[in-house]
Amino acid sequence: MNLRSFTLRAAAVLTLSASLLPATAEDISGPKSVPKKPTIFDKSAIDTSADPCVDFYQYACGNWRKNNPIPGDQIRWGRFNELAEYNNYLLYSELKAAADAPKTPLQKKYGDYFAACMNADLADKLGAKPIQPILRTIADWKDRRTLANLMGTTEDKFAIGYLFDFGSGQDQKDSSQQIGEVDQGGLGLPDRDYYLNQDDRSKKLREQYVAHIAKMFTLLGDSQEQAAKEAANVLAIETALAQGSMSRVDRRTPANVYHIMTIAELQQLTPDFNWTTYFAAKGQSKLKTVNVATPEFFKAMNAQLEAADLDALKSYMRWHTVHRFAANLSEPFVQENFNFYAATLAGQKEITPRWKRCTAATDRALGEAVGQDWVAKNFPPAAKDNMEKLVTALEKALNEDIKQLDWMSDATKVEAEKKLDAFRRNIGYPEKWRDYSSMKISRNNAVSNVQQVAAFNDRRSLAKIGKPVDEKEWSMTPPTVNAYYRPSMNDINFPAGILQPPFYDFKIDPAVNFGGIGVVIGHEMTHGFDDQGSQFDPKGNVRMWWTADDRKKFDERTDCEVKEYSSFEVAPGQNLNGKLTLGENTADNGGLRIAYKALMETMAEQGLSTTAKTDDYTPAQRFFLGFGQVWCENITEQGARLRAKTDPHSSGRWRTNGSVQNFEEFGKAFGCKVGQPMMPVNACRVW
């Protein structure tokens with residue numbers, strides 16, 4: 001996955017995660033009960049009435065799905081959510097203690113952030129007052145020619161930007177260096193296609209979006225008539241920006257988002273926006289060149305600066321201001337925010353409890369402060385040591401897999417092995433913790449704290465421009481239930497948060513561990529060789545290291561996956577986008593294969609039987625069940641549709657069935673016959 005720099009504007013922020021959902025006075029004191037700690041390999045989850053050769057996902061997860069309906073405050077409930085909920089509770093306990101009685105300056109800082117977030121009474125008392133200085137600044141704006149100066153002011157004083165993203169990123173041609181980047185943004189809906197699609201469902205969502213914007217304006221004190229006019233202006237501007245935006249699929253090609261321009265060339269592209277003034281306001285007056293990721297977007301932006309009247313542009317900025325901070329304002333704002341972004345867009349029934357939102361928000365804001373204490377209590381050295389061994393086993397298996405490929409030439413294999421040898425691994429937590437000493441946190445001003453965090457991260461990002469890349473920097477916090485590969489860094493990263501059941505338990509049999517965290521490791525490694533990662537060399541530079549013939553064969557194999565996954569339905573009439581999910585699907589399939597190979601080699605080295613059963617299952621069967629049960633989930637129909645349009649990952653059912661039906665060892669393990677759904681005559685394989 002490509003990770004882009006944090007920017008002030010946080011364009012198209014989706015208030016779908018628990019941390020961003022609206023606040024209520026419900027359980028301000030904390031959780032009503034302690035979440036159950038997830039288990040690894042849950043035999044009771046298995047639906048033995050299902051045929052694993054027909055629908056393995058139903059077999060592995062059928063009973064779990066039946067017994068685990070979606071909680072009212074979620075749009076999706078799966079094994080990831082179980083672990084995230086448990087980690088969140090452990091984190092909450094740390095934050096509550098720090099808020100009540102901090103023992104260190106660091107605990108005082110994140111304890112105050114948490115306490116301010118939890119203070120619902122103060123938020124209700126203040127209403128929209130915390131954002132009035134921003135709104136007054138916008139109201140006082142008189143000349144569209146001074147927009148760059150206005151944006152510099154709002155970003156400098158209030159840590160909020162509009163229209164586009166500006167930050168730092170690695171140079172595709174020299175990954176050791178950080179450069180400035182400007183990129184598309186400015187949308188309030190999840191994706192550009194929400195503005196462009198003309199089906200009835202999309203049209204209705206746009207109507208509901210406009211109604212939501214109008215309601216937010218009335219909460220700011222506007223008349224209904226004025227609010228309706230302003231909302232229409234917002235939609236018109238955002239639609240024009242969406243028309244100039246690059247699709248998520250096209251953005252997967254690195255060359256599509258790499259256009260180095262001088263500031264003069266950028267100025268020619270957008271003559272109605274004074275970049276010299278803007279960059280000076282951002283402390284970047286010496287910037288000579290910048291990567292303009294999406295030139296067509298900036299042309300569309302300039303057209304709007306020409307066409308839209310001043311009041312329309314003011315309406316647009318007022319909307320994005322209230323949208324940005326809605327979760328930290330009074331109850332009417334957070335309730336309306338929830339009604340559209342969570343309930344309408346994603347099908348969530350209830351507002352997430354405040355303690356969950358504030359816990360996750362504090363983790364995002366001060367993750368490497370909170371994470372230090374969390375790791376000390378929840379990630380023992382033995383777990384990290386064993387994880388190192390698992391990664392080594394997976395690297396060995398992938399190396400052997402590359403050597404045995406019958407479709408790749410020796411010349412390309414040599415280059416692929418060089419890239420694998422250059423992988424950097426990060427496990428658990430950073431070697432060096434982030435310094436938050438310059439961040440000023442108030443115990444009584446949640447909006448100010450959000451601004452402080454945004455400004456802190458913006459300064460960090462911009463300070464990198466022209467500097468060497470810090471190879472040790474992490475992009476996720478330690479308690480995060482996730483993992484990632486960065487092609488420009490050529491590194492694999494596994495936060496401590498995911499190194500827990502149901503993914504990992506260093507005390508259990510290797511079959512289950514290799515099926516869980518082993519596949520996750522293999523998945524991240526394979527990302528280095530998916531349709532996107534394969535365009536980066538061992539140093540993280542975009543460079544074609546393939547022979548032309550091998551690349552053609554690679555594209556033919558990935559085309560097979562595109563067609564296969566595009567046939568999978570996730571909601572009535574809504575299929576996956578095989579091009580959008582290609583990288584993740586390739587990683588799922590490759591990760592499963594090399595994890596299985598690593599398991600068999602590990603068992604042989606340890607003299608373990610491949611036929612002895614545990615809980616009535618052979619090691620091979622436990623491996624596949626361990627893999628399948630990681631993806632057990634239930635999701636709302638709205639949530640499934642949203643993810644199909646915006647998420648590069650396939651749904652749990654198809655991450656499971658799509659992978660096993662492409663792997664002959666699964667069919668052997670469960671005695672399937674060729675021609676059954678999980679053992680088709682023709683299967684896709686890249687790695």
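Helix α24 (residues 652-660) has eight of its nine residues buried, so the rest of the structure largely encloses it. Buried means under 20% relative accessible area, exposed over 50%, and partly exposed in between (1.4 Å probe, protein chains only). Helices (H or I, at least four residues) and strands (E, at least two) are DSSP runs, numbered from the N terminus.

This is a predicted model: local features need pLDDT of at least 70, side-chain atom pairs count only at pLDDT 80 or more, and totals for chains, interfaces and linings use all residues. Residues are numbered from 1 along each chain as its sequence is written, and side-chain values use heavy atoms, with hydrogens and water left out.

**Helix α24**
- The buried residues of α24 are Gly-652, Trp-654, Arg-655, Thr-656, Asn-657, Gly-658, Ser-659 and Val-660.

**Nonpolar core**
- The largest nonpolar core has 179 residues.
- Such a core is a set of buried Ala, Val, Leu, Ile, Met, Phe, Trp, Tyr and Cys residues joined through side-chain atoms within 4.5 Å.
- Phe-164, Trp-275 and Phe-624 have the most contacts inside the largest core.
- Helix α2 (residues 79-100) gives the most to this core, with 10 residues.
- Trp-275 is in contact (heavy atoms within 4.5 Å) with Phe-164, Val-182, Ile-263, Leu-266, Gln-267, Thr-270, Phe-298 and Met-301, leaving aside neighbours within four places in sequence.
- In soluble globular proteins, nonpolar side chains tend to be buried together.

**Largest pocket**
- The largest pocket has a volume of about 500 Å³.
- A pocket is an open set of points on a 1 Å grid over the protein atoms alone, where a 1.4 Å probe fits, with protein on both sides within 12 Å along at least five of seven lines; lining residues have an atom within 4 Å of a point.
- Grid points are joined across faces, edges and corners, and a volume is the space filled by probe spheres set on the points.
- Its lining has 25 residues, and Val-34, Pro-35, Lys-36, Trp-77 and Glu-85 lie nearest the centre.
- Helices α1 (56-67), α2 and α15 (354-378) each supply at least two lining residues.
- By class, this lining has nine nonpolar, six polar and 10 charged residues.
- Ala, Val, Leu, Ile, Met, Phe, Trp, Tyr, Cys and Pro count as nonpolar, Asp, Glu, Lys and Arg as charged, and the others, Gly among them, as polar.

**Second largest pocket**
- The second largest pocket holds about 390 Å³ of space.
- Of its 17 lining residues, Arg-434, Arg-460, Lys-464, Asp-470 and Glu-473 are the closest to the centre.
- Helix α18 (residues 446-463) gives the largest share of this lining, three residues.
- The lining divides into six nonpolar, one polar and 10 charged residues.

- Asp-191 sits in the loop between β3 (174-184) and α7 (193-196).
- Asp-191 is buried, at 9% relative accessible area.
- Its side chain makes a polar contact of 2.5 Å with the side chain of Arg-248.
- A polar contact is a pair of N or O atoms within 3.5 Å; within protein, one must be able to donate a hydrogen and the other to accept it, and residues adjacent in sequence count only if both atoms are side-chain atoms.
- Beyond four places in sequence, Asp-191 touches Arg-248, Lys-645 and Thr-646.
- Glu-181 lies in strand β3 and is buried, at 11% relative accessibility.

**Thr-39**
- Thr-39 is in the segment before α1.
- Thr-39 is partly exposed, with a relative accessible area of 37%.
- Leaving aside neighbours within four places in sequence, Thr-39 contacts Arg-79, Pro-501 and Pro-502.
- Thr-39 and Glu-181 are 44 Å apart, C-alpha to C-alpha, and 142 residues apart in sequence.
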